Structure formats: structure tokens, C-alpha cells
Amino acid sequence: MSRSARGPRIVFWRHGQTSWNLESRFQGTTDIELTGQGVLQAQRAARLLSGLRPDLLISSDLKRAKRTAEELAKVTGLDVQHHEGLRETYAGSWQGLTNTEIRARHPEEYAAWAAGEPVRRGGGELSSEVADRSVPVVLDAVDKLPENGTLVVVSHGGTIRTMLGRLLGLEPVLWECFGGLSNCCWSVLGRGARGWRLLEHNAGTLPQPVIGDDT
């Protein structure tokens, strides 16, 4: 992705590794710290993302996202704006459970969610409600960018998926078509003539220009 590209760019950056990631536990809004490896992941990714010379940096206010954003702030000199609206999906009684435990304790609820039905997992939020609270935060920041500016959004895998789906105009049932983001990897949206376009997904190196007949 060239810094001189026309139009704004949004980099959606997932936080680094946590102990609950390693245990396959649903974190949701539970406030879990990064592991030592997670800090190293954030430091490596920050060095790469600083090459984009981002203009604004916003983050979820949960510790794992804040700590990740801090590493990019250190190398860019940017201030971090923290937002509750960028938190991970609240999933009630599912939070803290492993995938195996969720399947065993909530089989019908899990099956409905896996089938694409709108489900309040554990009595928590719908995916569409997560998009309702997170996307306005991002668009407000985009409005503050300079011409052709770059915004970095530090958030969580599930929330990033909902933001991508909403900004790309997809129906919620299709949002699961986006594969998960690895820890400290990112996805990039750019604004074209017909709205937002997905330029990179689950990238772990500097986004590269796409050279082709549709650019």
C-alpha cells in the first residue's frame, strides 16, 4: 500500500497474544493482559506499521489493545485515543469458556450461531450491535484525517470482522466469510470511487501496492 495512494486508508490491527488466546478461551470484554510474546509481536508489527506514517491512532480501551497500541505510539510519536466502542463483543456466559466448553454447555445456541443466525452469544451482543457501536468511532476518526491520510485502529478479531463487514456493505450473515485475524496482524480498507474496498486481510508485513487492471 503506497503512502501516496489517493483517498483515506484504515488499518485494522488486532492486539497481540494473551494467555486466553493460547487456551482458546472466549475473551470478549474480559480485560486480559498481553503475554510477553504478545508484547514482542506488538513491537515487531509496530516497526512495520510505522513505515506507513499513520496520521491517527485509536484503540479499544481494553488492556490487550491499549498495550498493543502503545508500541506504535512509541515509534510514531502519535497520541492514542481510547474508545469503549472498539471493545470486543460482549458474550455474557460464554466469556472465559473454551470452544469445547461452549459447544458442550450451549449446543443449540452454538449451532444457531454457526449456521449464521443472529445470536446473543451467552446473552451478550449481536454482531450487528457491535458494528453499531464501533463503526461510528472509526468514521469519526476518518473525518479527522488529512487528505490521503492513514488511520490505525487497534481492536479485536471479532469486532474488526464486524467493522469490515459493515463498511463493505455486506449483510451480517456474510461477515463470517472473513477469516480470523492472527495476533498482531491487520486488514486494510481504502476508499475508492464506489466506497470502501478491502486491500489487505490478515497481513503481517507491510501492505504492498496491488498492480493490475482494476486499480
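**View 1. Gly-169 comes after helix H7 in this predicted model.** Gly-169 has a positive phi, near 75°. Helix H7 spans residues 157-167. Most of the helix is covered, with 10 of its 11 residues buried. These buried residues are Gly-157, Gly-158, Thr-159, Ile-160, Arg-161, Thr-162, Met-163, Leu-164, Gly-165 and Leu-167. What lies over them? The cover includes strands E1, E4, E5 and E6, along with helix H6 (127-142).

**View 2. Strand E1 is mostly covered.** E1 runs over residues 9-14, and six of its six residues are buried. Which side chains point which way? Arg-9, Val-11 and Trp-13 point one way from the strand. Ile-10, Phe-12 and Arg-14 point the other way. Both sets are buried, and E1 itself is part of the cover over the buried residues of H7.

**View 3. Strand E1 pairs with E4 and with E5.** The pairing with E4 (residues 150-155) is parallel and has six bridges. Within it, Ile-10 has Leu-151 as its bridge partner. The pairing with E5 (residues 186-192) is antiparallel and has five bridges. Here Val-11 has Val-188 as its bridge partner. Ile-10 and Val-11 point opposite ways from E1.

**View 4. Cys-184 sits in a loop and has a positive phi.** Most residues other than glycine have a negative phi. Cys-184 is not a glycine, yet its phi is near 65°. The loop that holds Cys-184 runs between helix H7 and strand E5. Is Cys-184 buried or exposed? Cys-184 is buried, because its relative accessible area is 5% and the cut-off for buried is under 20%.

**View 5. Asn-202 is another residue with a positive phi.** The phi of Asn-202 is about 55°, although Asn-202 is not a glycine. Where is Asn-202 found? Asn-202 lies in strand E6, which covers residues 195-203. With a relative accessible area of 29%, Asn-202 is partly exposed.

View 6. Gly-92 is in the loop between strand E3 (80-83) and helix H4 (99-105).

**View 7. The whole chain gives the setting for the close-ups.** Seven helices and six strands make up its elements. From the N terminus their order is β-α-α-β-α-β-α-α-α-β-α-β-β. The radius of gyration is 17 Å, close to the 17 Å given by the globule rule for 215 residues, so the chain is as compact as a globular protein of that length. Along the principal axes, the C-alpha atoms fill a box of roughly 50 × 40 × 30 Å. Of the 215 residues, 50% count as buried. Among contacts between residues at least 6 apart in sequence, 67% join residues at least 24 apart. The chain exposes about 10,300 Å², and carbon and sulfur atoms supply 48% of that area. There are 25 positive and 25 negative side chains. The centres of these two sets lie 4 Å apart.

Technical notes
Residues are numbered from 1 along each chain as its sequence is written. This is a predicted model: local features need pLDDT of at least 70, side-chain atom pairs count only at pLDDT 80 or more; totals for chains, interfaces and linings use all residues. Side-chain values use heavy atoms; hydrogens and water are left out. Helices (H or I, at least four residues) and strands (E, at least two) are DSSP runs, numbered from the N terminus. The radius of gyration is taken over C-alpha atoms; the globule rule is 2.2 Å times the number of residues to the power 0.38. Buried means under 20% relative accessible area, exposed over 50%, partly exposed in between (1.4 Å probe, protein chains only). Contact means heavy atoms within 4.5 Å. Accessible areas come from the Shrake-Rupley method with a 1.4 Å probe; for residues, only the protein chains shown count as cover. Lys and Arg count as positive and Asp and Glu as negative; His and the chain ends are not counted. The place of a charge is taken as NZ of Lys, CZ of Arg, CG of Asp or CD of Glu. Two strands pair if DSSP finds at least two bridges between them.
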